[in-house]
Amino acid sequence: MKALLFLLVAALAAVASALTPADLLSRAQALQSWMVEQRRELHKVPEPGFKEFKTHSRIVRFLESHNIPYRFPYAKTGIVAEIGSGKPVVAIRTDMDALPIHEPEGAAFRSQHEGWMHACGHDGHMTMAMGAAKLLWEAHQAGELPPGSVYIVFQPAEEGGAGGDIMIQEGALEDVDAIFGMHVMPHLPAGSVHTRPGTIMAGALSFRVTVAGRGGHAAMPHLNVDPVVAAAGLVSALQVPCALTFLGIRNETAGSVHALHSPKFTLDEGVLYKGAAMHASVAVNYLRTYAVPGGQAAAAATPAQEPAEAEADEEEEAEAEEVEAEAERKDEL
Ligand SMILES: *[C@@H]1O[C@H](CO)[C@@H](O)[C@H](O)[C@H]1NC(C)=O
């Protein structure tokens, strides 16, 4: 009986220790050289929005070679890979397109498409999403993934084409409960993660609004409706937020110190596995936190987040905020 109890405790401990952020980080580290290879291949074939055909094929080949189920096409070249089943559904999103920028001669793994360059890190983003897909798929195969689904969303045309919007219109995210995006950031230290509750960046879109007023006498403004005042109010009321996480890539040694969209833009490949681990960790944590009660019997085996882990997360968050504040101070200088 005692032995049985011991076994039970040991089994519970094994479940509880699986897929912690640290665990995922070390599993991701083992994928690093594979990820570097993927990223360099993607870097060589930068393509315009909605024309990411070679990129699409490479991702499909990757998914098929691992037997990971996927749906396509969305917005011409978009793909949604599906890991697990049922609710909750959490999505990890990456962009796929490149920029009409001439990559300087002599650059490593230089673009084979003259006039086009992955100068915004999307090759790295896709690689991190593929790394996360591999980690999560392997965990799913091993029965370690909490109940629910993780979608890995490959989105075309981020650079102005609103590929994400088209994917949504075509139903790619119909049953998704939450979606997380991430972008590399050259002014933040390599490997550091930055985000905050609430809004973090402005959305970019254009629309037309007609504000109709009601004319009258200037001496009796209470009887009139001034459209200029209303329009001025609209400007501050219609700010469109988007939630994002940033992964710093600034590394003087690796030369990754140039701005996004610069022909000199360089990615510190050392962060690839960290990005993959972060994606996978966010997905696992979401499935655990928002487990649907009674959804699947296996939910009983899903451990709640360990208090120690939660504390570690808070510490990490506090650290990230500190780094962010520091970066802001530097920006101001
Ligand atoms: C910075 O780049 C160098 C050279 O590639 C690498 O050895 C080092 O680990 C990188 N540092 C970070 C924090 O990524």
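Visitor: How many helices and strands does the chain have, and what share of its residues count as buried?

Guide: The secondary structure of this predicted model comes to 9 helices and 9 strands. Of the 333 residues in the chain, 35% count as buried. When contacts between residues at least 6 apart in sequence are considered, 77% of them join residues at least 24 apart.

Visitor: Which residues have the most contacts inside the largest nonpolar core?

Guide: The general idea is that in soluble globular proteins nonpolar side chains tend to be buried together. In this structure the largest nonpolar core has 61 residues, and those with the most contacts inside it are Ala 132, Leu 136, Ile 152, Ala 276 and Ala 283. Helix 8, which runs over residues 272-289, gives the largest share of this core, with 11 residues. A second, separate core has 7 residues, among them Ala 98, Leu 99, Met 117 and Ala 119.

Visitor: Which residues is Leu 136 in contact with, leaving aside its neighbours within four places in sequence?

Guide: With those neighbours set aside, Leu 136 is in contact with Ile 83, Leu 145, Val 150, Ala 280 and Ala 283.

Visitor: What span should helix 8 have, and how far apart are its end C-alpha atoms?

Guide: Helix 8 has 18 residues, so at 1.5 Å a residue it should span 26 Å, and its end C-alpha atoms are 26 Å apart, which agrees. The helix is also mostly covered, since 16 of its 18 residues are buried.

Visitor: Is Leu 272 buried or exposed, and which residues is it in contact with beyond its neighbours within four places in sequence?

Guide: Leu 272 has its place in helix 8, and it is buried because 28 other C-beta atoms lie within 10 Å, where 20 or more are needed. Apart from neighbours within four places in sequence, Leu 272 is in contact with Gln 32, Met 35, Val 36, Arg 39, Gly 124, Thr 127, Met 128 and Gly 131. The distance in sequence from Leu 272 to Leu 31 is 241 residues, while their C-alpha atoms are 9.2 Å apart in space.

Visitor: Where does Lys 51 lie, and how far is it from Thr 77 in sequence and in space?

Guide: Lys 51 lies in the loop between helix 3 (32-44) and helix 4, and it counts as partly exposed because 17 other C-beta atoms are within 10 Å. Lys 51 and Thr 77 are 26 residues apart in sequence, and from C-alpha to C-alpha they are 6.9 Å apart in space.

Visitor: Which residues of strand 3 point one way, and which point the other way?

Guide: The general idea is that in a regular strand the side chains alternate between the two faces of the sheet. In strand 3, Val 89, Ala 91, Arg 93 and Asp 95 point one way, whereas Val 90, Ile 92 and Thr 94 point the other way, and all are buried. Strand 3 pairs with strand 4 in the parallel sense over 7 bridges, and Asp 95 stands opposite Gln 155 in strand 4.

Visitor: Which residues are joined by cis peptide bonds?

Guide: Most residues other than glycine have a negative phi, and most peptide bonds are trans. Here, a cis peptide bond joins Phe 72 and Pro 73, with omega about -5 degrees, and Pro 73 is found in strand 1 (residues 70-74). The peptide bond from Lys 87 to Pro 88 is also cis, with omega near -5 degrees, and Pro 88 has its place in the loop between strand 2 (78-85) and strand 3 (89-95).

Visitor: Are Asn 67 and Ala 157 buried or exposed?

Guide: Neither is a glycine, yet Asn 67 has a positive phi of about 60 degrees and Ala 157 has a positive phi of about 50 degrees. Asn 67, in the loop between helix 4 (53-65) and strand 1, counts as exposed because it has 8 C-beta neighbours inside 10 Å. Ala 157, in the loop between strand 4 (148-155) and helix 6 (163-169), counts as buried because it has 24 C-beta neighbours inside 10 Å.

Visitor: Which residues surround the ligand?

Guide: The ligand is surrounded by Ala 190, Gly 191, Asn 251, Thr 253, Ala 254, Asp 268, Gly 270 and Val 271. The shell around the ligand divides into 3 nonpolar, 4 polar and 1 charged.

Terms used
Residues are numbered from 1 along each chain as its sequence is written. This is a predicted model: local features need pLDDT of at least 70, side-chain atom pairs count only at pLDDT 80 or more; totals for chains, interfaces and linings use all residues. A residue is near a molecule or strand if its C-beta atom, placed from the backbone, lies within 6 Å of it. Ala, Val, Leu, Ile, Met, Phe, Trp, Tyr, Cys and Pro count as nonpolar, Asp, Glu, Lys and Arg as charged, and the others, Gly among them, as polar. Helices (H or I, at least four residues) and strands (E, at least two) are DSSP runs, numbered from the N terminus. A residue is buried if 20 or more other C-beta atoms lie within 10 Å of its own, exposed if 12 or fewer, and partly exposed in between; C-beta atoms are placed from the backbone. A nonpolar core is a set of buried Ala, Val, Leu, Ile, Met, Phe, Trp, Tyr and Cys residues joined through C-beta atoms within 7 Å. Two residues are in contact if their C-beta atoms, placed from the backbone, lie within 7 Å. The expected span of a helix is 1.5 Å times one less than its number of residues. Two strands pair if DSSP finds at least two bridges between them.
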